[in-house]
Amino acid sequence: FTRQHPEVRYLLRREISAMRSLIHPNIIRLHQVLQSPDDVHLVMELAAGGDLRDYLNSNDLLYEGKARYM
């Protein structure tokens with residue numbers, strides 16, 4: 001956080017706080033935040049099944065009923 005603009009630090013802290021408070025089976029959990037002088041790394045729950053962007057690019061639509069079980 002140290003080298004970033006104060007507003008960026010504020011927004012990042014707010015996002016991390018929101019992510020830590022979300023506990024739901026359909027939301028990927030934030031497990032840990034690692035910080036170095038230059039970077040912040042978010043350690044999150046593994047979302048098995050591939051990249052959602054790749055899936056969306058190769059298919060027409062993702063309906064709610066299907067998305068619920070992916």
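Guide: Of the contacts in the protein with a separation of 6 or more, 21% are between residues 24 or more positions apart (contact means heavy atoms within 4.5 Å). The model is a predicted one, in which local features need pLDDT of at least 70 and side-chain atom pairs count only at pLDDT 80 or more, while totals for chains, interfaces and linings use all residues. Residues are numbered from 1 along each chain as its sequence is written, and side-chain values use heavy atoms, with hydrogens and water left out.

The whole comes before the part. The protein holds three helices and two strands, and from the N terminus its elements follow the order α-β-β-α-α. Along the principal axes, the C-alpha atoms fill a box of roughly 40 × 25 × 20 Å. Buried residues form 7% of the 70 residues (buried is under 20% relative accessible area, exposed over 50%, partly exposed in between, with a 1.4 Å probe and protein chains only). The accessible surface amounts to about 6,200 Å², and carbon and sulfur atoms contribute 53% of this area (Shrake-Rupley method, 1.4 Å probe; for residues, only the protein chains shown count as cover).

Strand β1, residues 30-35, runs antiparallel to strand β2, residues 40-44, and five bridges link them (pairing requires at least two DSSP bridges between two strands). A hairpin of four residues leads from β1 to β2. Pro-37 belongs to the loop between these strands, and Pro-37 counts as exposed because its relative accessibility is 52%. Pro-37 and Asn-26 are 11 residues apart in sequence, yet their C-alpha atoms are 33 Å apart.

Leu-30 lies in strand β1 and faces Met-44 of β2. Leu-30 is classed as buried because its relative accessible area is 8%. Leaving aside residues up to four places away in sequence, Leu-30 touches Ile-16, Met-19, Arg-20, Leu-42, Val-43 and Met-44. Elsewhere in the pair, Gln-32 has Val-43 in β2 as its bridge partner.

Leu-42, one of the residues that Leu-30 touches, sits in strand β2. Leu-42 is partly exposed, because its relative accessible area is 35%. Together with Ile-28 and Met-44, Leu-42 makes a nonpolar surface patch of about 230 Å². Patches take residues with over 30% relative accessible area and no salt bridge, joining like charges within 9 Å and nonpolar side chains (Val, Leu, Ile, Met, Phe, Trp, Tyr) within 5 Å; a salt bridge is a side-chain nitrogen of Lys or Arg within 4 Å of a carboxyl oxygen of Asp or Glu.

Beyond the strands, Asp-51 occupies the loop between β2 and α2 (52-58). Asp-51 is partly exposed, at 43% relative accessible area. From Leu-30, Asp-51 is 21 residues away in sequence and 18 Å away in space, C-alpha to C-alpha. His-5 and Leu-30, separated by 25 residues in sequence, are 24 Å apart between C-alpha atoms.
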